[in-house]
Amino acid sequence: MKKIVVIGAGIGGLSCAAQLAKKGFDVTVLEKNARVGGRLSGFSAEGYTFDAGPTLLLMPWVLDDFFRRVGMRREDFLPIVPVDPVSRVHFARGQPALDLSSDVAKMAANIAAFSPHDSERYSAYLQKSGQYYDAALHAFLQANVHRLSDFVKPSVVSAFLKVGLSGSYWDHVCTYFDDPRLRAAFSFQSIYVGASPRDIPAAYGLIQYVEATQGAWAVPGGLNRIASAMERAAVHCGAKVLTGKKVREIRLEGKKTVGVDLSDGTFMAADLVVSNADLPYSYAHLLPEKSSPVQTRTLEPSCSAFMLYLGVKRKLPIGPHTFLLPQDFLAGLDAIFKNRTLPEDPGIYLNCPSKLFPEMAPKNGDALYVLVPVPNLQAGIDWKKERLAFRKRVLDKINAWLLLGLKDADVAFERIVTPEDWRDQYSLEWGSTFGLAPTLAQSAFFRPQNRDPSIRNLYFVGGSTHPGSGIPIVLFSANNVVERITHENPT
Ligand SMILES: Cc1cc2nc3c(=O)[nH]c(=O)nc-3n(C[C@H](O)[C@H](O)[C@H](O)COP(=O)(O)OP(=O)(O)OC[C@H]3O[C@@H](n4cnc5c(N)ncnc54)[C@H](O)[C@@H]3O)c2cc1C
């Protein structure tokens, strides 16, 4: 039986482990943290429960497919609930907000309240975005495209031309909407993959498209429950999942890996290694510099995130998902992606999971998760110096726009997370919370593929590999890895 070591118990690692164990491989997962899930983990303190990262589950059918692949039914033990409206978007203090709904008729009416003229174009916009979605889904997301022969298939070339040469995501949105608020409301979703809508292909409009047509979903207890359920599935299939085990190095003999060295001094032999540790980190820290043609310094990282997790002692007058965009949306993007400074008027995402699931906070309290996109560590911001002043800037905006009147005395628990914490806790180079940026040069065929080009028994799964970042997309990444491993290494 071939022995596989998986480095990291993020969803990419857990999905590979479960599927490969089910296929008869001897699989061990080594996770450095105390809990599984990576960015999809969560924590509780003082009666408040938070997700560390993801809060919106899109394309839940991909998760269902994972459980089906390992002979289980997601609905038997992991409930999910639709959230509609998905979110409320604020554009300026005291001005009308827009509810983003996955009910197309309702959404058209909401848009009409801002601009009747733009509302008339909503269905054409969805139709075009749907074409991007279909092309990307079949040609890239669900497919391995690592050989030239995969890429030169007429269907793939045509899909690539369709999604790759169609201008930026921002251009796509501007073609259909004239109102600057609507342009912002339909393009800020690029931040879900850590990029400016002006820097990535129009095809990424598929993110907003799936939210607008398939909806967004929540999990009672938080999305982190997905990771725990996947760990259970992996163990059920026969994989060993070990936490508190940090891999120090992927050991090579010539052009082959023979296993991994752990920080505790032990060595674990393997026939194949799958690294779910983020790809730029894997190359920079787990492999010798000259072992690979992938040069981490030429890879472009996504932005980072500044986070506040607040246990609030009273109920807040907000919904589960709220966005406060920068009043000058493009200037806000420039601050992060061009000037690489802390935005004066930050874009803010608020998640209040206890609105949907009261058990996630003490009675009469609310759990409040605050995410602010910020430049990654390449910007050289001194977070030890800036963090408290930036916290104040963020809370001042929340209070001014939403009239929450949040004071320190209202806060029973607080955790601040900066890009340095993302780097240190989850092995994300430059603290880039969403992995490699999804630019055209780092998408589809051009994104680092799921096997090292020269070390033929070393595979990569996760957000910085093909096809990209986000829960469903990382699950596709795992399916691609499993397909390659089973094809290339029969048991
Ligand atoms: C703030 C934030 C919000 C997000 N929101 C959403 C959302 O709403 N919806 C959505 O779909 N996606 C969202 N995402 C993206 C999503 O979280 C990621 O794409 C996905 O979880 C990445 O999974 P992964 O398997 O690639 O890697 P990771 O989750 O990064 O897992 C990698 C694992 O490897 C471990 N590891 C690293 N180095 C070592 C080592 N040396 N030894 C052993 N173990 C190691 C890490 O500890 C980690 O557990 C969000 C991400 C962030 C950060």
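Modeller: Helices (H or I, at least four residues) and strands (E, at least two) are DSSP runs, numbered from the N terminus. The model is predicted, with local features needing pLDDT of at least 70 and side-chain atom pairs counting only at pLDDT 80 or more, whereas totals for chains, interfaces and linings use all residues. Residues are numbered from 1 along each chain as its sequence is written, and side-chain values use heavy atoms, with hydrogens and water left out.

Colleague: In which helix is the place of Ser 477?
Modeller: The side chain of Ser 477 has a polar atom 3.2 Å from the backbone nitrogen of Gly 462, which is a polar contact (a pair of N or O atoms within 3.5 Å; within protein, one must be able to donate a hydrogen and the other to accept it, and residues adjacent in sequence count only if both atoms are side-chain atoms). Ser 477 counts as buried because its relative accessibility is 0%, where buried means under 20% relative accessible area, exposed over 50%, and partly exposed in between (1.4 Å probe, protein chains only). The helix that holds Ser 477 is α16.

Colleague: Which element gives the largest share of the shell around the ligand?
Modeller: A residue is near a molecule if one of its heavy atoms lies within 4 Å of it, and of the 36 residues around the ligand, those that come nearest are Glu 31, Arg 39, Gly 463, Gly 470 and Ile 471. At least two residues of the shell are supplied by each of α1 (11-22), β17 (366-374) and α16 (471-488). The largest share is 3 residues, and these come from α16.

Colleague: How many residues of the shell around the ligand are charged?
Modeller: Asp, Glu, Lys and Arg count as charged, while Ala, Val, Leu, Ile, Met, Phe, Trp, Tyr, Cys and Pro count as nonpolar, and the others, Gly among them, as polar. In the shell, 16 residues are nonpolar and 15 are polar, and the number of charged residues is 5.

Colleague: From which domains does the shell around the ligand draw at least three residues each?
Modeller: The domain bounds come from an automatic or database domain assignment. With those bounds, the domains that each give at least three residues are domain 1 (3-80 + 221-298 + 441-488) and domain 3 (304-426).

Colleague: What percentage of the accessible area of the ligand does the protein cover?
Modeller: Oxygen atoms of the ligand lie 3.3 Å from an N or O atom in the side chain of Asn 33, 3.1 Å from a backbone N or O atom of Thr 55, and 2.9 Å from a polar side-chain atom of Asn 276. On its own, the ligand has 1,000 Å² of accessible area, a value from the Shrake-Rupley method with a 1.4 Å probe (for residues, only the protein chains shown count as cover). The share of this area that the protein covers is 96%.

Colleague: How many residues apart in sequence are the parts that Arg 121 and Asp 178 tie together?
Modeller: Side chains of opposite charge can pair when their charged atoms come close. Arg 121 and Asp 178 form a salt bridge with their closest N and O atoms 3.6 Å apart, a salt bridge being a side-chain nitrogen of Lys or Arg within 4 Å of a carboxyl oxygen of Asp or Glu. Because Arg 121 lies in the loop between α4 (116-119) and α5 (122-141) and Asp 178 in the loop between α8 (169-176) and α9 (180-185), the distance in sequence between the parts they tie together is 57 residues.

Colleague: Why does Lys 397 count as buried?
Modeller: Lys 397 forms a salt bridge with Asp 345, and their closest N and O atoms are 2.7 Å apart. Asp 345 counts as partly exposed because its relative accessibility is 25%. Lys 397, however, counts as buried because its relative accessibility is 7%.

Colleague: Is Lys 384 buried or exposed?
Modeller: The side chains of Lys 384 and Glu 420 meet in a salt bridge at 2.8 Å from N to O. Glu 420 has 15% relative accessibility, so Glu 420 counts as buried. The relative accessibility of Lys 384 is 65%, so Lys 384 counts as exposed.

Colleague: What is omega, in degrees, for the cis peptide bond that joins His 466 and Pro 467?
Modeller: Most residues other than glycine have a negative phi, and most peptide bonds are trans. Asp 84 and Pro 85 are joined by a cis peptide bond with omega about -5 degrees, whereas for the cis peptide bond between His 466 and Pro 467 omega is about 0 degrees.
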